[in-house]
Amino acid sequence: MELLSFGDKGWGDEMVRAALMTLAVATASFALGLVLGSGVAALRLARSSALRGIGETYTTVLRAIPDLLIIYLLFFGSSQAMQWVAGWFGYHGYLELSPFMIGTIAIGFVSAAFSGEVIRGAVQAVPRGQIEAAKACGMPTWLRFRRILVPQVARYALPGLGNVWQVTLKETSLISVVGLVEIMRQASVAAGSTRQPFTFYAVAAVLYLVLTAGSNRMFGLADRWANRGVRRA
Amino acid sequence: MDFALMWESLPKVLAGAGMTFQLTFAALALGFVLACLIASASLSKSKLISVPADTYVYLFRSTPLLVQIFLIYYGLGQFQDVRSSIFWPFLREPFACAVLALTLNTGAYTAEIIKGGIRSVPWGQVEAARACGMSGLLLYRRILFPIAFRQALPGYGNEIILMIKASSLASTITLLEITGIARVIIADTFRPVELFIVAGSIYLAINAVLSRGVRMLELHLSPQLKDTLDTEQQRQRTAVIAR
């Protein structure tokens with residue numbers, strides 16, 4: 001227990017800080033995934049079959065390839081790619097992404113494939129008649145989007161997005177391979193220096209459990225809030 | 001783009017597919033047995049049996065697989081008792097540890113899928129079977145299992161693909177499956193994009209074949225779905241165009 005105390009002797013404060021880092025990188029990836037995922041959903045619902053094909057290819061590919069491979073691609077390849085692009089603009093110095101950015105981008109792109117599917121399903125769940133009714137009331141596209149589509153899509157998508165969040169949160173553990181000091185990395189470091197791997201990986205498991213349980217509750221509350229006007233049998 | 005390198009490394013990376021399959025299918029097979037036990041425990045009327053099963057599922061579903069792998073591979077060696085036990089020759093091996101972790105993990109997810117399948121069987125069918133005099137195993141074999149299996153198949157297909165992806169984590173404990181080999185070659189040649197394309201296409205091909213296979217099995221088991229699926233796709237297409 002002394003090992004987990006706060007301060008210089010124990011690893012308690014380090015582990016808590018690492019948990020906050022996990023939360024930060026998970027939030028950033030999830031947010032990136034939502035933005036990209038909305039784009040993917042828009043592509044998959046597009047009128048042009050070419051755009052639909054692009055959206056479908058994106059989801060198929062990103063869902064079939066392991067995230068670890070994508071993280072390795074960015075880890076080894078991102079600085080090359082950035083220097084290549086910067087070369088066009090006449091900059092020839094060394095460039096690299098921080099582990100945080102690599103993790104956020106890699107997990108965010110994967111998360112986009114999953115949340116894209118959830119958002120697409122939610123858009124399709126909005127009854128067509130409502131869009132027609134809004135058109136009949138003379139609402140222009142943007143207003144229709146903001147007043148009719150978005151509030152309902154948010155409500156339908158919430159449970160699915162809750163699942164995507166859980167998966168994203170757990171996937172951030174993979175970023176430890178590129179050296180970002182989040183829960184897994186910190187646990188490895190502590191395990192290495194104290195020779196007590198079981199203790200620290202068990203602590204890591206408990207921290208993840210707390211994060212998933214806590215965020216699950218938040219999504220439950222959000223779901224209640226979003227459905228406050230809905231009558232249930 | 002270095003096509004020569006891609007062509008050259010394709011057989012090397014492909015050789016890792018064997019390890020990927022071994023890990024995945026060993027874990028899926030063992031995990032399925034485990035999942036059946038957990039699902040039946042979880043559906044039991046006695047709280048004494050169902051609560052531990054539910055706790056197991058909850059714990060394994062809310063922690064990352066990487067933690068589970070590390071706990072087993074690195075963590076268990078911390079205890080002298082484990083190191084002197086008869087299991088140590090197994091638990092020392094990365095392959096056995098990876099299979100064990102993947103099994104425990106997929107067991108929890110598959111148990112939920114099986115539970116959902118069994119719950120979806122309409123109660124009237126069970127009553128009808130009982131009225132015909134079926135009970136116990138016969139009821140299970142003839143009514144519950146076939147219906148539940150069909151219901152659970154799409155979810156289980158997803159789980160198979162997730163396991164193929166999850167087996168890539170075994171590379172973190174030194175196993176050389178597809179991702180592990182790709183990483184080694186990237187570190188040697190520093191050609192991440194080429195190797196990513198090679199390894200990624202192998203995963204893509206494996207998953208495409210597997211999901212196709214599951215889909216065919218689904219249609220084979222419930223041929224009546226074919227028409228509804230076609231009309232469902234038709235409906236979605238017209239809905240997309242009308243929007």
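Residues are numbered from 1 along each chain as its sequence is written, and chains are lettered from A in the order in which they are written. In this predicted model, local features need pLDDT of at least 70, side-chain atom pairs count only at pLDDT 80 or more, and totals for chains, interfaces and linings use all residues.

Me: Which helix of chain B supplies the largest share of the side that touches chain A?
Reply: Contact requires C-beta atoms, placed from the backbone, within 7 Å; 35 residues of chain B are in contact with 31 residues of chain A. Helices H3 (65–75), H9 (178–189), H10 (192–221) and H11 (225–242) of chain B each supply at least two residues of that side, helices being DSSP runs (H or I, at least four residues) numbered from the N terminus. The largest share, eight residues, comes from H10(B).

Me: How are H3(A) and H9(B) oriented, roughly parallel or roughly antiparallel?
Reply: Axes are lines fitted to C-alpha atoms over the stretch in contact, with angles from 0 to 180 degrees between N-to-C directions. The axes of H3 (residues 67–88) of chain A and H9(B) come within 10 Å and cross at roughly 5°. Angles under 35 degrees count as roughly parallel and those over 145 as roughly antiparallel, so H3(A) and H9(B) are roughly parallel.

Me: Which residues of H9(B) make the contact with H3(A)?
Reply: From H3(A), the contact involves A:Leu68, A:Leu69, A:Tyr72 and A:Phe76. Their partners on H9(B) are B:Thr179, B:Ala182, B:Arg183 and B:Ile186.

Technical notes. Contact = placed C-beta atoms within 7 Å. Parallel < 35°, antiparallel > 145°, perpendicular 65-115°, else oblique.
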